[in-house]
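Student: I would like to learn how to read a structure that is new to me, one feature at a time. Could you take me through it with care?

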Amino acid sequence: MSNVIAINAAASQGIIAAQATSDEMLIGAIAKGGRAAMHTLYCRHNVRVYRFILRIVRDATMAEDIVSQVFLDVWRTARQFQGRSQASTWLLSIARFKALTALRQRRHEDIDQEDVLEIADAADTPETSLDRSNTSAILRACIAKLSPAHREIINLVYYHEKSVEEAGEIIGIRQSTVKTRMFYARKQLAELLKSAGVDSLAA
């Protein structure tokens with residue numbers, strides 16, 4: 001019995017230690033071949049990366065494949081990470097490049113807008129989920145009407161909470177350009193939402 005308690009305690013300490021480890025420290029460990037660090041980084045960021053890619057490619061299967069490619073790249077190139085930006089910014093930069101490359105390879109295919117999936121909140125009641133689903137559907141439809149450049153800015157700043165500087169770094173444009181795109185994207189999105197009867201989100 002004491003052995004079981006000791007094992008459980010050690011496991012709990014390992015989980016706490018992993019949670020306290022920064023992304024940058026994990027990447028440093030990955031660069032040295034740390035498989036446990038790779039697993040922790042994947043668990044911490046795979047959903048965020050998946051959602052980001054999905055909003056670009058609009059195909060769940062393709063998004064899952066690209067997520068695997070992104071983290072395989074992280075495993076192979078961790079030594080190249082120099083810490084000049086947040087680890088999440090670096091991950092999304094890799095994800096964006098791979099998603100756009102995949103789109104170019106499948107340019108001839110018509111990607112259905114309705115393939116965009118939302119990961120439901122298990123804590124929601126059925127009524128709340130329905131309301132949220134309806135509002136999300138309207139919001140997705142309006143965002144889909146934006147230009148690719150404006151859609152990308154909205155995605156990074158609102159869904160992934162990236163700063164103007166980080167968004168510029170991921171896309172590879174100046175901060176002033178990010179601000180200009182954000183201004184026009186918000187203006188157009190507000191007009192689209194208002195036309196769809198969602199004034200509260202358009203404000």
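Predicted model: local features only at pLDDT ≥ 70, side-chain atom pairs only at ≥ 80, totals over all residues.

Student: How many helices and strands does the chain have?

Tutor: The chain has 10 helices and 0 strands, so that, read from the N terminus on, its elements run α-α-α-α-α-α-α-α-α-α. Of the 203 residues in the chain, 35% are buried, and among the contacts with a separation of 6 or more, 65% are between residues 24 or more positions apart.

Student: How should I read the packing of two helices, and at what angle do H7 and H9 pack?

Tutor: In general, two packed helices are described by the angle between their axes and the distance between the axes. Here helix H7, residues 148–159, packs with helix H9, residues 175–195, at an angle of about 95 degrees, and their axes are 9 Å apart. This makes H7 roughly perpendicular to H9. On the H7 side the contact is made by Ala149, His150, Ile153, Ile154, Val157 and Tyr158, while the residues of H9 in the contact include Val178, Met182, Tyr184 and Leu189. Sorted by class, the contact of H7 with H9 has 10 nonpolar, 2 polar and 2 charged residues.

Student: How is a pair of aromatic rings read, and how many aromatic pairs are there?

Tutor: A pair of aromatic rings is described, as a general idea, by the distance of the centres and the angle of the planes. The count here comes to 3 aromatic pairs. In one of them, the rings of Tyr42 and Phe71 have centres 5.0 Å apart and planes at 75 degrees, so this pair is edge-to-face. The pair links distant parts of the chain, since Tyr42 is in helix H3 (residues 35–57) and Phe71 is in helix H4 (residues 60–77), 29 residues apart. Tyr42 is partly exposed, at a relative accessible area of 35%, but Phe71 counts as buried at 5%.

Student: What is the geometry of the pair formed by Phe183 and Tyr184?

Tutor: Phe183 and Tyr184 also form an edge-to-face pair, with 5.1 Å from centre to centre and 80 degrees between the planes. Phe183 is partly exposed, with a relative accessible area of 49%, and Tyr184 is partly exposed as well, with 44%.

Student: Which residues does Asn46 touch, leaving aside those up to four places away in sequence?

Tutor: Asn46, which is placed in helix H3, touches Val67 and Phe71 when residues up to four places away in sequence are not counted. Asn46 is buried, with a relative accessible area of 18%.

Student: Over which ring does the charged end of Arg55 sit?

Tutor: The charged end of Arg55 sits over the ring of Tyr159, at 3.4 Å from the centre of that ring.

Technical notes
Residues numbered from 1 in each chain as written. Heavy atoms only, no water. Axes fitted to C-alpha atoms, helices over the stretch in contact; angles between N-to-C directions. Helix = DSSP H or I, 4+ residues; strand = E, 2+ residues; numbered from the N terminus. Parallel < 35°, antiparallel > 145°, perpendicular 65-115°, else oblique. Contact = heavy atoms within 4.5 Å. Nonpolar A, V, L, I, M, F, W, Y, C, P; charged D, E, K, R; others polar. Phe/Tyr/Trp six-rings, centres within 6.5 Å; stacked < 30°, edge-to-face > 60°. Buried < 20%, exposed > 50% of the residue type's maximum accessible area, 1.4 Å probe, protein only. Lys NZ or Arg CZ within 6 Å of the ring centre and 35° of its normal.
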